[in-house]
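Biologist: I would like to learn how to read contacts between side chains. Could we work through one case together?

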Amino acid sequence: MTRLASTAVMARRHEPTDSLDFFPTPPWATRAFCEHVLPRVFPDPHLFHNPAWDPACGEGHMALALADYFDQVHASDIFPYGFGQVADFLHQDFRWKPAEWIITNPPFAIGRDFILKALQLAYRGVAMLVRTAFCEGQGRYDDLFSIYPPAMIAQYAERVPMHRARWVVNGKTATAYCWVVWLKEFGKPIVGETRFVWIPPSRNTLTRPDDWLRFGGCMDIPDKHKARQLAAEGGAMRPAPTRQEIQAGFL
């Protein structure tokens, strides 16, 4: 009983009311979405040729991984993390660059608001990385899921460790995450049956040895990790975005 209670507490991610809820997404988790989810929900050969937008980009962990697939990625955040354009996605007067896809890891407490705004702005589809528990609750069912049922829910078969304000390479978590994806047509969300799929284990196959060099905020590189050797050797890094690109929120 004690163990069950402890696990339940660990699985919660309570945030203060004034928290920015910044939990960077491990790069492999975004790659798994691009490899195993998007092509299944939208099997189009031109899928990655259209712009994508991450409106809660933080330090760029998800946006940079999306840029491994999409030809164009826009990035913005309400807080000046030093990456992307500073902009309040939920402001009533906010309008920004057109994007076929809006893809992000939204703050949990206002995830519903992010989804509804994204469904207004995206041309092709919306994809949100959320705690699996986000799919529960009568309030979200009444206000969101019963009105706009998603085209797909994609559950990770393994846990995606996220830690406050940092990316932990070998992190652990008791919280489960999934992607919820909506499609649009003729300017409106497509309403139909929701398909459920599993995202196969991807952490080992989609983590790259140079990720530590490309993505900021990592705190726990083991001494024998390949990234240590790459860093010592001055390993290849993805060119950093220019100041103009960061200011424009465009990669």
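Modeller: Start with charges over rings. This is a predicted model. Lys117 lies over the face of Phe89, 5.5 Å from the ring centre. The charged end of Arg131 sits over the ring of Phe108, 3.9 Å from its centre.

Biologist: Which aromatic cluster does Phe108 form, and with which residues?

Modeller: One cluster holds Phe108, Phe134, Phe145 and Trp182.

Biologist: How is a pair of aromatic rings described?

Modeller: By the distance of the centres and the angle of the planes. The whole structure has 12 aromatic pairs. In one of them, Phe48 and Tyr69 have ring centres 5.8 Å apart and planes at 45°, so the pair is tilted. Both Phe48 and Tyr69 are buried. Phe108 and Phe134 are edge-to-face, at 5.9 Å centre to centre and 80° between the planes.

Biologist: Which parts does the pair of Phe108 and Phe134 tie together?

Modeller: Phe108 is in the loop between strand 4 (101-104) and helix 5 (111-121). Phe134 is in the loop between strand 5 (125-131) and helix 6 (138-145), so the pair ties together parts 26 residues apart in sequence. Phe134 is buried, at 1% relative accessible area.

Biologist: Now burial. Why is helix 2 described as largely enclosed?

Modeller: Because eight of its 10 residues (helix 2 spans residues 27-36) are buried. Arg31 lies in this helix 2. Its relative accessible area is 0%.

Biologist: What does the side chain of Arg31 reach?

Modeller: The backbone oxygen of Leu206, at 2.7 Å. Arg31 also touches other residues, including Asp68, Tyr69 and Asp211.

Key
Residues are numbered from 1 along each chain as its sequence is written. This is a predicted model: local features need pLDDT of at least 70, side-chain atom pairs count only at pLDDT 80 or more; totals for chains, interfaces and linings use all residues. Side-chain values use heavy atoms; hydrogens and water are left out. Buried means under 20% relative accessible area, exposed over 50%, partly exposed in between (1.4 Å probe, protein chains only). Helices (H or I, at least four residues) and strands (E, at least two) are DSSP runs, numbered from the N terminus. A polar contact is a pair of N or O atoms within 3.5 Å; within protein, one must be able to donate a hydrogen and the other to accept it, and residues adjacent in sequence count only if both atoms are side-chain atoms. Contact means heavy atoms within 4.5 Å. Rings of Phe, Tyr and Trp (its six-membered ring) pair if their centres lie within 6.5 Å; planes under 30 degrees apart count as stacked, over 60 as edge-to-face and the rest as tilted. A charge sits over a ring if NZ of Lys or CZ of Arg is within 6 Å of the ring centre and within 35 degrees of the ring normal. Lists of a residue's contacts leave out its neighbours within four places in sequence.
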